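This report describes a protein model for a reader who is new to structural analysis. Please keep the sequence and the structure in view while reading.

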Amino acid sequence: MAVLRPALANSRALSAEERRYFLARRMKTLLTHAILIIFGITFMLPFVWMISSSLKPNVDIFELPVRLIPKTYRPENYIDATNAIPFWQYLWNSTYYTIFATIGAVLSNTFIAYGFARVRWRGRNVLFIIVIATMMLPFQVRMIPLYILFAKIGWLNTFLPLIVPNFFGNAFYIFLMRQFMMTLPKELDDAARIDGASEWGIFWRIAVPLSKPAILTVAIFEIIHTWHDFVGPLVYLRHPTKYTLSIGLRLYFTQYGAEWGLLMAAAAMFTIPMVIFFFFAQRSFIEGITLTGLKG
Amino acid sequence: MFKLKRDPADQSNSWRTDNLPAWGLFFVAPWIIGFLAFTVYPFFASLYFSFTNFNIINFSPRWVGLDNYVELFTADPIFWISIGNSIRYAALLLIFATVFDIFIAYLLSLNVKFLSIYRTVFFFPVLVPVVAASLTWIWILNPRFGLINGLLDLIGVKGPNWLASPDTAMLSIILIAVWGSGRQVIVYLSGFNDIPRSLYEAADIDGASGTQKFWRITLPLLSPQIFFNVVTLIIFSLQSFSEVYIMTGGGPANSTLLYAVNLYNRAFRDFAMGYASALAWIMFLLILGLTLIIFKFLSGRVIYER
């Protein structure tokens, strides 16, 4: 219809019925955009308010009527925020945790998923059902014994309890990568086998290169998860030199709750790396969610 | 996720002879080790701890039998408050998020212009770290100078004391969770996009109305996504902790004290590890029971084949 429309409009006058039809269509499109824009603005407002407050001097923060666009700008808030808390220390801790947790997740889950997706062996499906079943176990059930275990072996206030388990697979990622690897053509494995490749060779030379999109998805999910993580560091990292941005920022809030300019500046510096990261990885990210939101 | 891909080769018996489990076990070995150390061990240890009390000084468990469970059910009003709060939170979040996310995904599926911009906008809250988002919301909901009451002030309305009043605190945290549910929009959108256009065209020819098309075509064909999102949302919301712990700490007057917040307080504020383990087990059984009920009643209604 949309293609026909200009031609119709030029060649002859529209009948009343046609006009009503196009009007209704246009109204529907307009309404759709209007609703999306209203909700969209509402969804972005918290972020806008965060940035706006982060640029306001303290006198303007506590001022009515509220302003979204600051009256005077005070970018020094960002510098002050990095001095009010050991910002660079926290940033480094968050980065360190994110890097190693992601390396662990990528290595282990690619490896494990290959065993579930491409190698055929007795007991595979039973074991895979157990993998899926572990997703239902709330982390609270594991939290206390693991805390006591890690306390006994002296791992509290280190990143080891947060990083080491990542090197042993995660049910959700195994599931995601298995689903992906099962779509790769089996003929490749057979061809490689005829050429004398070992199971390891097939994994390393064929499965890993072809699974790059899924590996990327796991990496992206894990980077976001670790960067955001609050409970893990809250339970295991009780020493100020080990705090991540999550813990450090909340601590600063509980001590200086009224410093909204600095708090919002710090929150923005905590958020912006994820936003930049998202814009680079957007496609894999959306595809990853679609992939986990069940396909086949 | 609930209909797993089947390897066609499984149907034949040929592979059993040509592949010993050795290579398979080699690849899944890390998972087996991790499963034993970080799932099986804590699973049973937690069950054992739930029948013990922990001595704070030397931190060793002492057997007390069913005492923790008896106390939980008969002498701990906080336990019942937190269960009620969590169920209310999960139920309302489930309704609000499901309706809203399906609605937004539906609008996005109408072939709108600027789709990728809209999609990014609704997904954006997922990118904001939990602590950064929670602090921002505390500031937005500031009773006097926050954005919302500030805007209400412009039209002469005195806004409520959102997070600090027992009447509005629960509603606030639920709406904030809806704000952060953008992952579901993406899942629903992919579901909408998978519905073949031809079905609607056929329905048009038969003279079906918009509502009929929604109930008879859209909803049934969206059922795998709805099922997936409902199950994950229930499991997730019953374990919900961070946002609420940061924004209200369970207050005011325990009105937002979710189950997981109470559990954390018992374990790491009071160091009542045995008691908290009993709480964790009740939670596990609750989630297990709910999931099984959903599977029993919903999975039969899910339509996978197109």
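## The nonpolar core

Of the 145 residues in the largest nonpolar core, Ile174(A), Ala266(A) and Ala267(A) touch the most other members. A nonpolar core is a set of buried Ala, Val, Leu, Ile, Met, Phe, Trp, Tyr and Cys residues joined through C-beta atoms within 7 Å. A residue counts as buried if 20 or more other C-beta atoms lie within 10 Å of its own, as exposed if 12 or fewer do, and as partly exposed in between, with C-beta atoms placed from the backbone. This core draws at least three residues from each of domain 1 (4-54) and domain 2 (77-292) of chain A; the domain bounds come from an automatic or database domain assignment.

Leaving aside residues up to four places away in sequence, Ile174(A) touches Asn109(A), Ile112(A), Ala113(A), Phe116(A), Val131(A), Gly169(A) and Trp31(B). Two residues are in contact if their C-beta atoms, placed from the backbone, lie within 7 Å.

## Basis of the model

The model is predicted: local features need pLDDT of at least 70, side-chain atom pairs count only at pLDDT 80 or more, and totals for chains, interfaces and linings use all residues. Residues are numbered from 1 along each chain as its sequence is written, while chains are lettered from A and ligands numbered from 1 in the order in which they are written.

## Domains and chains

In chain A, the centres of domain 1 and domain 2, taken over C-alpha atoms, are 40 Å apart. Their contact takes 4 residues from domain 1 of chain A and 7 residues from domain 2 of chain A.

Between the chains, 78 residues of chain A are in contact with 77 residues of chain B. On the side of chain A that touches chain B, helix H2 (residues 16-54) of chain A gives the largest share, 14 residues. That side divides into 54 nonpolar, 18 polar and 6 charged residues. Here Ala, Val, Leu, Ile, Met, Phe, Trp, Tyr, Cys and Pro count as nonpolar, Asp, Glu, Lys and Arg as charged, and the others, Gly among them, as polar.

Chain B has 14 helices and 2 strands. Helices (H or I, at least four residues) and strands (E, at least two) are DSSP runs, numbered from the N terminus. Buried residues make up 38% of the 306 residues in chain B.

Helix H2 (residues 21-49) of chain B spans only 36 Å between its end C-alpha atoms, whereas a straight helix of 29 residues would span 42 Å at 1.5 Å a residue. The expected span is 1.5 Å times one less than the number of residues. H2(B) bends by about 55° at Val28(B), and the proline Pro30(B) follows within four residues. The bend at a residue is the angle between axes fitted to the seven residues ending there and the seven starting there. Helix H11 (residues 210-238) of chain B also spans only 36 Å, with a kink of about 55° at Ser223(B), shortly before the proline Pro224(B). The buried residues of H11(B) pack against helices H4 (77-108), H9 (182-194), H13 (259-269) and H14 (273-298) of chain B.

## Backbone details in the loops

A cis peptide bond, with omega about -10°, joins Gly251(B) and Pro252(B). Pro252(B) is placed in the loop between helix H12 (242-247) and H13 of chain B.

Phe114(B), although not a glycine, has a positive phi of about 60°. Phe114(B) is partly exposed, with 13 other C-beta atoms within 10 Å.
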